[in-house]
Amino acid sequence: MREVGALLARYLLVMGGAAAALAAADRLPALLSGATHGARVYRTLSAAESALGARLRLPSYYPDTLSWPPSRIEVAPGPPPVTAVHVTRRDGAREALVVCQSIGAPADPPRWLLPPLEALQDVEVEVGLHQAGLVRRLTPGGLVVHDLSWTQGERRFTLRYEGAVEDLLRMARSLGGDVTP
Amino acid sequence: MATLVVEALLRAWRVNDPAWRLRFRLVPVAVPILLVPSFFVLAPWRTGARFASSSALFAGERWNLLRVGPAGAGDLVLVLAAGLGAWLFLRDALPPLVDRLRQGPAAAAGAWLAPPALRVVVERQARRLALPPPAIRVVASRWPAFFAEGHAPGELVVSPPALEALSPPELDAAVAHELAHLRYGDPRWGYALIAVRAVNFFNPALHWAARAVVDEIERRADQAVVEAGHAPDALASAIVKLFDRSHPESAASGPLLERLARRVRRVGVERRRERLVTAPPSRLSHGWLRLALVACGLTTMLYFVV
């Protein structure tokens, strides 16, 4: 009986150690990237929507310079969960658009999902029926991007775009819902 | 993970009975060919994004949060692992295939006659192990070849450099070792393992697990030789001689991975030699209980790994 006890004790030690190692390896990427545990990256919109149990609202208009489908979809677990849909340029050079939205309650994207950038100019604009903040920002690499943020029902949207402001506003207005295009 | 868990349990439980070690080692090999497809059929929800985000103990895709250039770290590791797996498979599977193609049908049919002295040794050892004597095939090779093929009575394949390298007691022990493989039907295990590895060529962990199974098969045959009354020293010395002549240091001056692979195998041969000349293995108690615990534990744990 004592022998079986020792056998089980060693078994539990090894299996417990293995489970702890797996759990630690699961948490490590979030720790290293400064993300919340449970944050995930999806390759397709349908996978992200299936995990969230909600449809993502995305612009129906995109400038010709952007490629489709998105390169990746990141999800911060929340609450409320916040998603970031990354779209690259058609020439594949770099990322040009990030569409962030909170699901179920208005919330700004966490810092790891949409890194804060130096603000150069801040103005109010209209996106359909909603007042939105348009901020001109400077990336560490010297590029100028624009952040457009507004709240629409239970979602808060933030679009970061490297390109013409007119295109950004047109994409925002094509998001649908209660927005008048 | 399954291979690591089994390795840790073999050490924690101090399992040194070769037959039981082999059974435990087969569990990680069974994972990709039995467990993973079963999960796909019986628990399809595991592959869904919801399971990964809410229930998984480990989700590989979470590593894509870290970016390496345009790629996620998780995807990159998968691609690199697949490359490593393919290399491990090809470096084991290609040389014998190329040898066979180069030698042609004459060598495959046995171009050389077996020396009468070898025939006497084989018949003596077969009587000792109560086996029918196998056929002997001498292949023309500049490298030492000494292995068994088929199932009892089977076939003993040797090359002249191997026969020249071994002293009479070493030859006795080496023949007994190969006959033990035939008695256990080990060549068939070898073919099955190659087939499993070919199907999972992209999985480096499986190649590692399969290599561990091969080591245990060798260990079991070594033990059978010692139990048949041969001097462990003679077998140990034969193993070291054959390895060193078939993997000369000068031939391993190529790529780093090749040199590393030779060093790892050389360490394995040295461990095998040490095992032979130290104390014999002890019997394992509650073997089936332990095996059931390993299988159940791994099934449960791996269910939550996606």
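Where does B:Arg14 lie in chain B? B:Arg14 sits in the loop that runs between helix H1 (2-12) and helix H2 (18-42) of chain B, helices and strands here being DSSP runs numbered from the N terminus (H or I, at least four residues, for helices; E, at least two, for strands). Its phi is positive, about 50 degrees, although the residue is not a glycine. For background, most residues other than glycine have a negative phi, and most peptide bonds are trans. Chain A has an exception of the other kind: a cis peptide bond links A:Trp68 to A:Pro69, with omega at about 10 degrees. A:Pro69 is found in the loop between helix H2 (45-52) and strand S2 (72-76) of chain A.

A word on the ground rules. The model is predicted, so local features need pLDDT of at least 70 and side-chain atom pairs count only at pLDDT 80 or more, while totals for chains, interfaces and linings use all residues. Residues are numbered from 1 along each chain as its sequence is written, chains are lettered from A and ligands numbered from 1 in the order in which they are written, and side-chain values use heavy atoms, with hydrogens and water left out.

Now the interface. Chain A brings 34 residues to the contact and chain B brings 33, contact meaning heavy atoms within 4.5 Å. The two chains bury about 3100 Å² between them, with 66% of it on carbon and sulfur atoms; buried area is the accessible area (1.4 Å probe) that two parts lose on being put together, summed over both. The rule finds 1 salt bridge across this interface, a salt bridge being a side-chain nitrogen of Lys or Arg within 4 Å of a carboxyl oxygen of Asp or Glu. B:Arg62 pairs with A:Asp26 in a salt bridge, and their closest N and O atoms are 2.9 Å apart.

Over all chains, the search turns up 28 salt bridges. One of them joins the side chains of B:Asp92 and B:Arg197 at 3.0 Å, N to O. This pair ties together distant parts of the chain, with B:Asp92 in helix H4 (residues 73-109) and B:Arg197 in helix H8 (residues 186-199) of chain B, 105 residues apart.

On to helix packing in chain B. H2(B) and helix H12 (residues 287-303) pack at about 30 degrees with their axes 10 Å apart; axes are lines fitted to C-alpha atoms, for helices over the stretch in contact, and angles run from 0 to 180 degrees between N-to-C directions. H2(B) is therefore roughly parallel to H12(B), where angles under 35 degrees count as roughly parallel, over 145 as roughly antiparallel, 65 to 115 as roughly perpendicular and the rest as oblique. The crossing of these two is right-handed, which is to say that the near helix is turned clockwise from the far one by less than a right angle. Residues in this contact include B:Trp20, B:Phe24 and B:Phe39 of H2(B), along with B:Trp288, B:Leu291 and B:Tyr303 of H12(B). By class, the contact has 12 nonpolar, 2 polar and 2 charged residues (Ala, Val, Leu, Ile, Met, Phe, Trp, Tyr, Cys and Pro count as nonpolar, Asp, Glu, Lys and Arg as charged, and the others, Gly among them, as polar).

The axes of helix H9 (residues 204-227) and helix H11 (residues 256-277) of chain B come within 11 Å and cross at roughly 30 degrees, so H9(B) and H11(B) are roughly parallel as well. Their crossing is right-handed. Here the contact has 2 nonpolar, no polar and 7 charged residues.

Finally, helix H5 (residues 116-128) and helix H7 (residues 168-184) of chain B have axes that come within 9 Å and cross at roughly 55 degrees, which makes H5(B) oblique to H7(B).
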